[in-house]
Amino acid sequence: MTTYTETWSELASARVVPVVVADGEAEGLNVADALRRGHLPIAEITFRVAGAAAAIRAISEDYPEMLVGAGTVIRPDQVDAAVDAGARFLVSPGISEAVVARAREHEIPIIPGVATPSDIMRAVELGLDTVKLFPAGTLGGPAAVKAFAAPFPGLRFVPTGGISAHNMGDYLMLPQVLAVGGSWMVDRALVQGEDWERVTELSRDAVELAEQVVASRPLPHPADLHPADSLGTAVEGEER
C-alpha cells in the first residue's frame, strides 16, 4: 500500500501535474501512455466528464507505476468514486469540509483549491498543508503565490489555472511551490485528435524545463523534504 509520504514525494518529484480531460478507458490509456513516454508518469483526471472514473480505473490497472489522481472533485460521492477507481490523490477547485472529511475517511491525500486568505485559513484549520491556488493566473500569478505564502509559512502551493510552458518556470522558482498543474501538454484538441506524439513531445519538454528550473533554485525543492500528509493525521504505524 502506498503511503501518504510516497504519494507526496512522487508528486513533488514530477513538478508538473497534467490536468487531463479523458472520457473513458481508451482515452485514459492513450493519454497515460503518451505521458509515460514523455517521462511524466502522473495525471490528474478531472471529473468533468462521465467517463473520468473509467479512465482512472484503466490507468491504475494497466499502468500501476503512474501516479493517477482525480481532479474537479466537488462532492463526497465523487471522492468515493475516485477512490474506488484507484485514484491515489484528489484535487478540488475549492475547499469543502465535507469533501475533505470524506477524503480523510478514505485516507487519501487531497489538495483543495483556494483563492483568498480566508480559504487558506479554512484549509489550515482542517489540518491541510498543501493547497491548489486556483485560478493562479487570474489571481496574480507567481506574485500572488508570494503574497499568499508570506502569512502562512510552511504552506505548499500547487498553482493551477493559466499555467503554460511559457510561465511554469516562474512558479517553480518559488520554494513554496510543490508543483504546477496545467493542461497545455494534454490539450483537449490533442486528445480528441489522437495526436499522442505531440502529447509526448510537450510532456518531455515540460519535464526538461522543470528540471532546469529547479536545479537553478537556491533553496531545496519540496521533493527533497519529507512532507506531512495532507489530511493532518498520520497513518497508524507510519513515520511522519
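**A guided tour**

Visitor: How many cavities of 30 Å³ or more does a search of the whole structure find?
Guide: A cavity here is a set of points on a 1 Å grid over the protein atoms alone where a 1.4 Å probe fits but cannot get out. Searching the whole structure for cavities of 30 Å³ or more gives a count of one.

Visitor: What kind of model is this, and how are residues numbered?
Guide: Residues are numbered from 1 along each chain as its sequence is written, and side-chain values use heavy atoms, with hydrogens and water left out. Local features need pLDDT of at least 70, side-chain atom pairs count only at pLDDT 80 or more, and totals for chains, interfaces and linings use all residues, for this is a predicted model.

Visitor: How much space lies in the largest cavity?
Guide: Grid points are joined across faces, edges and corners, and a volume is the space filled by probe spheres set on the points. For the largest cavity that space is about 50 Å³.

Visitor: How do the residues lining the largest cavity divide by class?
Guide: Lining residues have an atom within 4 Å of a point. Among them are Leu11, Phe89, Ile111, Glu44, Lys132 and Thr160. Ala, Val, Leu, Ile, Met, Phe, Trp, Tyr, Cys and Pro count as nonpolar, Asp, Glu, Lys and Arg as charged, and the others, Gly among them, as polar. The lining divides into six nonpolar, two polar and two charged.

Visitor: Is Lys132 in strand E7 buried or exposed?
Guide: Strands (E, at least two residues) and helices (H or I, at least four) are DSSP runs, numbered from the N terminus. Buried means under 20% relative accessible area, exposed over 50%, and partly exposed in between (1.4 Å probe, protein chains only). In E7, residues 130-133, Thr130 and Lys132 point one way, while Val131 and Leu133 point the other way.

Visitor: What is the strand order of the open sheet of three strands?
Guide: Two strands pair if DSSP finds at least two bridges between them. E6 joins E7 over two bridges, and E7 joins E8 over two bridges as well. E6 and E8 stand at the edges, each with a single partner strand, so one side of each has no neighbour in the sheet. With parallel pairing, the order is E6-E7-E8.

Visitor: Which residue in E7 is the bridge partner of Gly113?
Guide: Strand E6 covers residues 113-114 and runs parallel to E7. There, Gly113 has as its bridge partner Lys132.

Visitor: How many bridges join E2 to E3?
Guide: E2, residues 42-46, has five of its five residues buried. Thr46 of this strand stands opposite Gly71 in E3. The two strands run parallel, and the number of bridges joining them is five.

Visitor: Through which helix does the chain cross from E2 to E3?
Guide: A crossover is right-handed if, with the strands pointing away from the viewer, the path from the first strand over the helix to the second runs clockwise. The β-α-β crossover from E2 to E3 is right-handed. Its helix, residues 52-62, is H3.

Visitor: How wide is the arc covered by the buried residues of helix H8?
Guide: In H8, residues 142-149, the buried residues are Ala144, Val145, Phe148 and Ala149. They lie on the same side of H8 because their arc, taken from the directions from the helix axis to the C-beta atoms, is only 130°.

Visitor: What is the omega of the peptide bond from Phe134 to Pro135?
Guide: Most peptide bonds are trans. Pro135 lies in the loop between E7 and helix H7. The bond from Phe134 to Pro135 is cis, with omega near -5°.

Visitor: What is the phi of Arg15?
Guide: Arg15 lies in the loop between helix H1 and strand E1. Arg15 is buried, with a relative accessible area of 18%. Although Arg15 is not a glycine, its phi is positive, at about 70°.

Notes
1 Å grid on protein atoms, 1.4 Å probe; cavity = no way out; pocket = protein on both sides within 12 Å on 5 of 7 lines; lining within 4 Å.
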